[in-house]
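Biologist: I have a structure to go through with you. Can we start with a salt bridge and then work towards the ligand?

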Amino acid sequence: MTDAFDFVVIGSGPAGEKAAAMAAYFGKSVAVIERDPRPGGTVVSRGGIPTKTLREAAMYVSGFHRREVYGVGLQLSTSEVLDVLRARAHDVTSLVADGVAANLDRHRIEYINGSASLTPDGRVSIDVSDGSVRVVTASKLLIATGSRPFRPDTVPFDDPAVDDSDSILSLESIPASLVVIGGGPVGTEYASIVTALGSEVTLVDAGPRLIPFADEEISERLAAALTDDGARFIFNAPGTTIRRTENGLEVGLPDGEIIYPEKVLFAAGRAGNVEGLGLGEAGIDVDNRGHILVNEHFQSSQPDVYAAGDVVGPPALASVSAEQGRIAASHAFGLHVVDELDSLPTFGVYSMPEVGMVGLTEQAAKEAGDPYAVGRAFFADNGRSRIAGTTTGLIKLVVCRDDKRLLGVHILGEDAAELVHIGQAAIHAKDDVEIIHTTFNTPTRSEAYKFAAYDALQDISGHRL
Ligand SMILES: Cc1cc2nc3c(=O)[nH]c(=O)nc-3n(C[C@H](O)[C@H](O)[C@H](O)COP(=O)(O)OP(=O)(O)OC[C@H]3O[C@@H](n4cnc5c(N)ncnc54)[C@H](O)[C@@H]3O)c2cc1C
């Protein structure tokens with residue numbers, strides 16, 4: 001077993017896996033070190049895959065949306081529902097973790113299960129899961145250790161009724177009532193899953209709206225749709241307190257209201273996994289939020305040490321982390337496979353209804369000061385959506401008024417995170433809104449693009465019917 005590698009990667013999440021695979025594909029000797037029992041990172045164990053599996057299972061068992069069409073609602077008891085949800089999440093995450101293991105194996109990457117740290121002389125020391133210690137060297141090193149939920153001291157996480165986005169996955173029963181603190185993607189997704197399962201959900205956020213980076217109209221329509229489903233939203237509530245008193249778990253709002261939920265989910269922020277890595281001794285600079293500072297090639301303050309993924313900070317998405325890892329590996333070995341990040345990443349929020357977005361929001365277009373137009377098509381008017389009974393939401397296009405170029409696409413509704421890629425491709429191709437003249441399958445939700453484009457053209461011509 002060699003202890004000298006071309007490339008050593010700490011962490012097997014999307015950033016680590018994709019970087020390792022690229023380097024190995026181009027003939028480098030690669031080791032991946034992972035401290036979790038199985039590979040894949042947060043996305044497999046606590047993030048995108050388990051939460052989206054829960055969402056899918058929750059939609060199915062609750063008959064969510066379609067219950068209005070077929071008159072079929074929740075058929076199972078809440079304990080049976082939780083069993084179904086857990087079993088599905090376990091099966092799907094195991095399959096995905098196996099897929100990551102197979103990918104590492106196929107690329108002949110040495111996988112070391114253990115916890116890694118850097119030694120001051122630039123080597124990597126590993127507390128291997130079998131109890132041994134192994135030291136390896138690398139020409140190039142990638143730190144892809146991800147992030148964990150941010151846990152401020154003011155929140156009593158020692159209370160079993162207070163969860164973060166990791167611990168909520170071990171929920172033993174579906175709470176009758178839940179307060180979610182944080183209206184970002186994670187908080188919003190959980191709020192909508194638990195609402196679908198029949199809990200009384202209140203989401204509290206310090207800011208004025210859900211998903212602050214989304215188009216304002218989409219964020220407002222999402223809150224309205226979730227309100228219709230029974231969730232309650234309290235915005236502009238900084239300094240909300242959580243404490244256990246003789247009356248129970250108390251959530252105190254700035255206006256004096258007190259809520260007594262069965263559970264609280266604190267989902268406001270993430271912190272980089274840098275503790276115990278020995279970064280200070282190794283001369284690697286970190287900011288005050290535990291994010292490793294990197295340049296555009298994802299090189300840290302030590303040029304042979306790269307960092308990618310959540311550990312370098314926002315946007316903290318699996319999709320972007322994977323691309324950052326590939327850019328790091330490409331630069332480390334002069335491969336020039338991919339030199340820079342996609343300027344047009346898509347964002348998906350898997351609430352019910354879903355959100356998909358790419359490019360400029362209406363607010364950003366307004367701030368830029370260039371003349372723009374907006375086109376909308378509502379799924380309530382779309383054949384496929386009517387057939388499926390999923391008529392909530394719309395496709396909203398932001399278009400340059402001068403040359404009709406598509407600038408942004410914002411979707412709320414079923415399959416939004418999939419549909420948005422049509423818009424992404426069109427913006428990348430610098431297409432204009434004349435996509436109205438292309439032929440789309442009928443009936444499909446994608447057809448709504450044509451109607452939204454038609455609406456934008458009417459806005460530009462000043463002749464809206
Ligand atoms: C609830 C939730 C839902 C999410 N949903 C989505 C989504 O729908 N879409 C999306 O794109 N993103 C989503 N994300 C974000 C996504 O999970 C992360 O952006 C992504 O996993 C980051 O990848 P990464 O490779 O940087 O790190 P991670 O996936 O966090 O992997 C880092 C790995 O490094 C390991 N590690 C850490 N320290 C050490 C050490 N010292 N030695 C050895 N190993 C170590 C960890 O065990 C971990 O496995 C979600 C996140 C959460 C929490």
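**Salt bridges and the ligand shell**

Modeller: Arg 401 is partly exposed, at 29% relative accessibility. Keep in mind that this is a predicted model.

Biologist: Which residue forms a salt bridge with Arg 401?

Modeller: Asp 459 does, with the closest N and O atoms 3.0 Å apart. Asp 459 is in helix H12 (residues 447-461) and Arg 401 in the loop between strand S20 (394-400) and strand S21 (406-412), so the pair ties together parts that are 58 residues apart in sequence.

Biologist: And Asp 459, buried or exposed?

Modeller: Asp 459 is buried, with a relative accessible area of 18%; the cut-off for buried is under 20%.

Biologist: How many salt bridges are there in the whole structure?

Modeller: The search finds 27. Some residues are linked in a network of salt bridges: Asp 215, Glu 217, Arg 221, Glu 362, Arg 376 and Lys 396.

Biologist: What about Glu 323 and Arg 326, how far apart are their closest N and O atoms?

Modeller: They are 2.9 Å apart, in a salt bridge. The two residues are three apart in helix H8, so about one helical turn separates them. Glu 323 is partly exposed at 30% relative accessibility, and Arg 326 is partly exposed at 26%.

Biologist: Now the ligand. How many residues surround it?

Modeller: There are 36, and the closest are Glu 34, Thr 42, Lys 52, Asp 310 and Ala 318. The shell divides into 13 nonpolar, 16 polar and seven charged residues.

Biologist: Which elements each supply at least two residues of that shell?

Modeller: Among them are helix H1 (14-25), strand S2 (30-34), helix H3 (48-62) and helix H8 (318-332).

Biologist: Which polar atoms lie by the ligand's oxygens at Asp 310 and Ala 318?

Modeller: For Asp 310, a polar side-chain atom lies 2.7 Å from a ligand oxygen. For Ala 318, a polar backbone atom is 2.9 Å from a ligand oxygen. Taken alone, the ligand exposes 1000 Å², and the protein buries 94% of that.

Biologist: You listed Lys 52 among the closest residues. What does Lys 52 form a salt bridge with?

Modeller: Its partner is Glu 189, with the closest N and O atoms 2.8 Å apart. Lys 52 is in helix H3 and Glu 189 in helix H6 (residues 185-196), so the pair ties together parts that are 137 residues apart in sequence. Lys 52 is partly exposed at 22% relative accessible area, whereas Glu 189 is buried at 7%.

Notes:
Residues numbered from 1 in each chain as written. Predicted model: local features only at pLDDT ≥ 70, side-chain atom pairs only at ≥ 80, totals over all residues. Heavy atoms only, no water. Near = heavy atom within 4 Å. Polar contact = N/O pair within 3.5 Å; in protein donor to acceptor, adjacent residues only side chain to side chain. Areas by Shrake-Rupley, 256 points an atom, 1.4 Å probe, with all protein chains shown as cover. Helix = DSSP H or I, 4+ residues; strand = E, 2+ residues; numbered from the N terminus. Nonpolar A, V, L, I, M, F, W, Y, C, P; charged D, E, K, R; others polar. Salt bridge = Lys/Arg side-chain N within 4 Å of Asp/Glu carboxyl O. Buried < 20%, exposed > 50% of the residue type's maximum accessible area, 1.4 Å probe, protein only.
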